Amino acid sequence: MKPVNFDYERPRTIDEACELLASNSNARILAGGQSLIPMLSMRLSRPSLLIDIAHIKDLSEIVATDTHIEIGAMVRQAVAKNAKMIQEYIPLLSKALHHVGHPPTRARGTIGGSIAHADPSAEIALVAVTLGAEITYRVGDDDHMFDATEFFIGPMLTVAPPDGCLVKVGFPKTSKICGTGFYEVAPRRSDYALASAAAQINFDSKGAAKTIRVGVGSIGDFPERLDVDHLLNTDLNDESIIATVKTAITEIETVDDLHASAEYRKRVAAHLAVKALQTARDEVREAPAK
Amino acid sequence: MVEKKYKFISQPRHPSENRRFVAGRGNFVADIDRPNMLHVAPLSSHYPAAIINNIDISEAMMMDGVIDVITGAEIGAAIQPLMNGLDTPKVQRFPLAVNRVRYAGEWVCAVVAESRAIAEDALEKIIIDATPQPFVLDAEEALLPSSPPVHPEHGSNILLDRKFVWGTVGEDFVNAEHNLSFSVIWGRNSTVPIETFGVVAEWNGWDNILDVWASVQMPKYSDQIARCLNLPGNAVRVHYDVDVGGSYGVKRGIKHATLIGYIARKLGRPIRFIEDRLENMRAGDAHGPERKFNVEVAFESDGNVRSMRMRALDNAGAYAGRAPFQLGKPISAIVGPYQINSVSYHAISVTSNKTVQEAVRGFGQAPTNYAIETAMDRVASFLKMDRLALRQRNLIRSDQFPYLIPSGSTYDSGDYHAVIDKVLAAADYKTLLVKRDHLRDEGMMAGIGIAACLEPSGGNSSFEPLLNEANKTSTWMESCQINVDGLGHLTARIHTTSSGQGHETLVSTVLGEVLEIDPSNIRITRPNSLESLPGNSPVGSRMAIMLGGAAARSAEKLKAKLIKIAAHSLGIDAEKLTYAGGNVLAPDGRKHTWQDAVELAHRQFHNLPEGMDPGLAAFDIMQVPTGNALPVDGKVHMYPCYSFEFHLVLLAFDPVIGRPEIHSYTVGHDCGTVINPAIVSGMTYGGIAHGIGAALLEEFAYDPNGQLMTQSFLDYLMPSSHEVPPIQIVKHCTPSPHTVFGQKGSGESGYLGSPAAISSAINDAVSALDIRFEKLPIRMSAISDAIANKSA
């Protein structure tokens with residue numbers, strides 16, 4: 001388990017990183033290294049140039065715009081987990097981060113790295129898809145923005161430009177009244193999940209559901225959003241949640257492996273999606289009136 | 001029975017090894033750095049079975065930093081095959097595949113280079129031309145005459161096929177009111193230590209000696225290396241002062257040591273090989289038993305179990321090794337803790353195109369206990385009897401010891417009913433039942449698991465002559481050597497590596513107890529094999545009994561000498577003297593101190609008794625207690641001591657998610673006199689954690705193409721601290737009559753019963769749905785799928 005020989009560069013600016021990327025067609029970006037380093041060791045990844053973006057200051061910032069919270073690609077998961085701005089405006093991501101790895105892996109692992117790596121069971125990717133996050137890559141001097149719902153196309157496979165560097169992920173801010181739920185099931189705590197689900201309900205000031213977002217992960221090749229718009233016309237009672245999720249999930253393709261059957265994944269994902277929606281609903285209903 | 005009072009034994013003392021391990025100052029094999037050392041990486045086969053036509057190493061050999069590439073053909077011609085346990089001479093095993101590959105991952109050749117990274121680069125340049133062959137993975141299929149033999153020279157895949165009948169089985173089945181049958185499967189798992197196997201070897205041509213440092217737990221390791229490499233026994237020097245980062249059976253490394261020893265001798269430079277995780281999981285040859293049981297039991301309406309027929313089919317993997325013997329040890333406790341009058345046992349071991357099996361914690365006893373305990377649950381279910389009451393009815397009573405079981409072993413002592421009573425009280429069994437029902441009312445599937453079982457201990461291995469008539473071994477000794485230096489300080493030598501069982505604490509505690517001196521001031525050394533007396537390493541839960549025994553006997557010899565010196569010096573008969581705190585006291589109040597004896601023994605030969613040699617040294621080579629006979633008529637007494645454990649578990653899971661959460665875990669443990677409580681508890685906790693893995697998570701699973709699917713910790717799931725609940729250990733002490741302090745073994749404790757208990761709990765949880773889980777591990781997906789299928 002020794003990587004093949006590679007060159008190593010640690011640029012200070014995004015421009016430098018992009019220049020390095022352009023200089024070598026077999027270059028890879030190293031962020032937190034929690035997935036890439038084992039892949040290098042097992043020679044599953046064989047870059048000839050590794051570009052370590054840890055020292056690019058701009059990439060470690062969390063910025064609020066009018067509509068989004070933009071998280072720099074190098075923001076560590078542990079930092080994001082504790083960030084007040086994220087807790088306030090992207091509570092779903094805060095919840096999901098509790099399930100990401102363990103304290104030592106979160107201390108190194110990054111938001112951007114998880115998105116770029118595109119593991120089908122990644123919690124951060126699931127939240128990005130559920131909320132429709134904007135994923136920005138820099139290619140040369142140009143920014144390319146991708147909608148998270150169209151970004152992931154297979155296990156460890158995305159539409160990211162091969163010569164691009166992920167710079168930030170913009171998560172839409174929640175409405176003032178909002179409920180969220182995040183659940184996953186794994187054989188062991190913080191293992192790669194066998195099924196996961198995320199839900200966010202944005203309410204208007206009168207307490208009516210404005211948008212309902214539900215996503216499921218870990219069960220197919222990439223996280224997917226379930227179409228539950230039908231629920232907007234209901235009072236979010238348990239029966240309609242269960243029925244809507246059941247219908248929405250039928251079309252999702254699930255994978256079968258040693259740890260769980262395809263049927264298990266679908267059954268449990270539906271179960272968790274229902275739970276996530278119920279939690280999101282109940283958070284608001286139980287919340288004190290503002 | 002009243003427990004004896006000890007000053008150091010059974011007292012809560014910190015294991016002396018803790019200091020260096022906690023401070024990160026252990027000396028592991030990867031810490032061994034020899035000048036000019038070379039590194040090795042093996043090339044693994046992708047085929048589960050293939051004939052090797054050609055290996056093209058030319059490009060690899062031209063790379064900078066590559067020194068040599070060793071092929072199977074080269075080493076097969078140069079060394080002797082590795083030792084087989086059974087008389088199966090055509091099942092030959094070498095460190096590298098010779099002509100034929102027999103499992104995916106098997107090492108085909110080995111690159112020797114200036115660094116491990118260069119060696120791995122070179123692996124990619126080697127071209128193997130091989131013709132794939134038919135292969136077999138399943139043990140039942142391997143039994144069929146039509147199955148492709150893993151070793152064509154051997155003629156079939158059958159390594160062992162022995163039928164034993166102990167007692168009036170046929171008659172008991174005819175006379176019993178009921179019988180039932182079932183089958184269960186124990187999945188392939190292992191102990192999987194965090195430290196993989198590693199070895200460093202160095203040949204000194206001027207002294208004609210091979211030095212070996214290894215992360216090893218292997219009886220007669222140096223002998224085996226010497227035999228394979230055609231060297232005299234005293235030309236192999238294994239260094240025992242290497243800390244072993246986990247083993248519980250699997251760190252045997254004989255193929256690694258012969259390979260690295262051969263290369264070291266050929267190239268004249270120190271060679272290091274530390275397995276990486278992939279090499280360890282696929283080809284470390286360290287998988288545990290994979291066993292299918294067909295069990296029939298005959299019993300009465302009142303719950304008395306009369307007789308049992310057991311067929312145990314074990315999948316040994318591609319080579320024989322000691323794997324088939326893991327069907328032999330359970331013969332010594334084949335009725336578990338129960339009064340079962342007669343047993344027939346059909347033990348079958350087959351080769352398959354899977355990784356080779358090695359000894360794992362319990363040496364086959366945990367799977368057998370799982371089968372026996374499943375039988376108890378099934379009988380109770382059949383009779384609609386309480387599972388606990390059924391067990392209590394069948395357990396051997398304390399007044400029945402020594403208790404001879406049908407297969408020839410005599411259990412030494414125990415009070416199983418008392419242990420169970422203590423556990424029921426400590427766990428508050430009645431409340432546990434209420435909790436279970438409460439969880440069920442909340443919509444959870446909740447179950448209580450029960451398992452009672454034995455841990456044969458003392459490490460006699462008379463299953464060897466029982467299963468292999470050519471093997472006449474009845475000796476299974478352990479040794480200890482002690483010396484008081486000229487300043488009066490005591491040093492003891494132990495003659496094996498320690499893989500976490502705290503042997504240094506064991507020996508110093510025992511010596512301190514006998515000699516009545518502070519164990520903290522006793523130095524323990526682990527010299528090399530050439531400076532050692534014979535021993536058999538920590539296998540079969542033996543070291544408290546055997547190393548503790550040899551240490552105590554050495555100390556008694558030293559004490560006798562101290563008294564003799566004092567008697568001569570004081571001019572009093574030795575019988576009139578008393579020994580206290582290292583000093584010898586005369587009835588008249590005079591005192592001959594430890595230091596007085598040191599002075600005389602080391603410096604005043606003229607004042608020693610006539611004929612006495614100088615110095616204060618003693619040693620003892622101790623044979624295993626009760627181990628004095630070869631098998632007769634398929635019966636043999638095996639182990640001196642039998643520890644008892646009783647597990648009581650409450651777990652629950654959501655019917656859709658199916659992930660068992662353990663709400664309560666209590667284990668009763670009687671391993672006789674405990675030498676060091678912290679060490680025994682630690683081993684029991686670890687054993688239960690390992691058992692939770694075996695029951696729920698861990699499996700070396702193969703796909704239909706013969707590829708190992710669980711090659712790393714990504715897929716081979718061991719329980720973490722999140723999955724192991726707080727465990728309440730309830731202690732009981734029934735001393736063994738066969739050991740110095742009444743101690744029994746405990747190295748395999750916990751693991752021997754926890755898989756059975758967890759399986760029992762899960763099956764209890766789903767019993768209302770008429771679902772049965774008959775294979776370990778029981779994955780959460782399987783639980784949920786079975787429930788969903790019932791509801792559909």
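Among the contacts in chain B that link residues at least 6 apart in sequence, 80% join residues at least 24 apart, where a contact means that the C-beta atoms of two residues, placed from the backbone, lie within 7 Å. The model is a predicted one, in which local features need pLDDT of at least 70, side-chain atom pairs count only at pLDDT 80 or more, and totals for chains, interfaces and linings use all residues. Residues are numbered from 1 along each chain as its sequence is written, while chains are lettered from A and ligands numbered from 1 in the order in which they are written.

Chain B holds 20 helices and 29 strands (DSSP runs numbered from the N terminus, with H or I over at least four residues for helices and E over at least two for strands). Its radius of gyration, taken over C-alpha atoms, is 27 Å, close to the 28 Å that the globule rule gives for 792 residues, so chain B is as compact as a globular protein of that length; the rule is 2.2 Å times the number of residues to the power 0.38. Of the 792 residues in chain B, 59% are buried, that is, have 20 or more other C-beta atoms within 10 Å of their own C-beta, placed from the backbone.

Turning to the partner chain, 24 residues of chain B are in contact with 17 residues of chain A. Helix 20 of chain B gives the most to the side of chain B that touches chain A, with five residues.

Technical notes: Buried ≥ 20, exposed ≤ 12 C-beta atoms within 10 Å, placed from the backbone.
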